[in-house]
Amino acid sequence: MSHQEIEIEFKNMLTFDEFTSLCSAFKVKSEDFFSQENHYFDTPTFALKDKGCALRVRKKGESFTLTLKQPAAEGLLETHQSVSEEEFVSMKEGHIGIIEGTISSILMAELGVDPSKTLYFGSLKTNRVELPYKNGLLVLDESNYMETSDFEVEFEVNNYAEGEKSFHELLTSYGIPLRETKNKIVRFYEAKAYTLTTEGDSK
């Protein structure tokens, strides 16, 4: 089972103090947070990353969803496909590449990527809270990966111009500077590359 949607979201990195300030302002309690894990896949030469795409399996509760993100005119085109835990484990352990289905067909036909050549690169765990806010969804994230942590706010909307205006007003009202913010998968790969480099230097 699969489906597609356009994702329009604005995001901004936060300091720990900014993160806790927003949690306080929106009356977020510790029990409001839930955890999810992103598990990232690409080819050995990062063919998907080079095309501005991302491929992940998200574990949320007991469900596993394979998602391919591709650039769109506004935002990202997301293709989601439900997978079983057994299928996820097989992909992670490199037994089958990406399983057959809508996403493997897109990889081959549209992106020229052989789904059997994909590799598992690692995971990022997020503690998240979601809040309705001005015709959109406000998300506060604490992410942990490669022995590091970071904090960010995201705003998911249907209308780009309206969402951008509301998001900038939110940051301004709480004295948070607008920061260039990379996607989680980019931050993960940069941290992984840094870790591999430092490990190599220490040998």
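By class, the lining of the largest pocket comprises 12 nonpolar, 9 polar and 15 charged residues, where Ala, Val, Leu, Ile, Met, Phe, Trp, Tyr, Cys and Pro count as nonpolar, Asp, Glu, Lys and Arg as charged, and the others, Gly among them, as polar. The model is predicted, and local features need pLDDT of at least 70, side-chain atom pairs count only at pLDDT 80 or more, and totals for chains, interfaces and linings use all residues. Residues are numbered from 1 along each chain as its sequence is written, and side-chain values use heavy atoms, with hydrogens and water left out.

A pocket is defined on a 1 Å grid over the protein atoms alone, as an open set of points where a 1.4 Å probe fits, with protein on both sides within 12 Å along at least five of seven lines, and its lining residues have an atom within 4 Å of a point. The largest pocket has a volume of about 770 Å³, a volume being the space filled by probe spheres set on the points, which are joined across faces, edges and corners. Of the 36 residues that line the largest pocket, E7, R56, R58, K69 and E78 lie nearest its centre. Strands (E, at least two residues) and helices (H or I, at least four) are DSSP runs, numbered from the N terminus, and the largest share of this lining, 6 residues, comes from β1.

The second largest pocket has a volume of about 280 Å³, and among its 13 lining residues the closest to its centre are E9, F10, K11, Y160 and N183. Its lining, to which β1 and α5 (160-173) each supply at least two residues, divides into 5 nonpolar, 4 polar and 4 charged residues.

Strand β1 also takes part in pairing, for which DSSP must find at least two bridges between two strands. With β5 the pairing is antiparallel over 6 bridges, and Q4 has T79 in β5 as its bridge partner. With β8 the pairing is antiparallel over 7 bridges, and I8 has V157 in β8 as its bridge partner.

A nonpolar core is a set of buried Ala, Val, Leu, Ile, Met, Phe, Trp, Tyr and Cys residues joined through side-chain atoms within 4.5 Å, buried meaning under 20% relative accessible area with a 1.4 Å probe and protein chains only. In the largest such core, of 20 residues, L14, L138, L140, V153 and F167 touch the most other members, and β8 gives the most to this core, with 4 residues.

Definitions and conventions. Buried means under 20% relative accessible area, exposed over 50%, partly exposed in between (1.4 Å probe, protein chains only).
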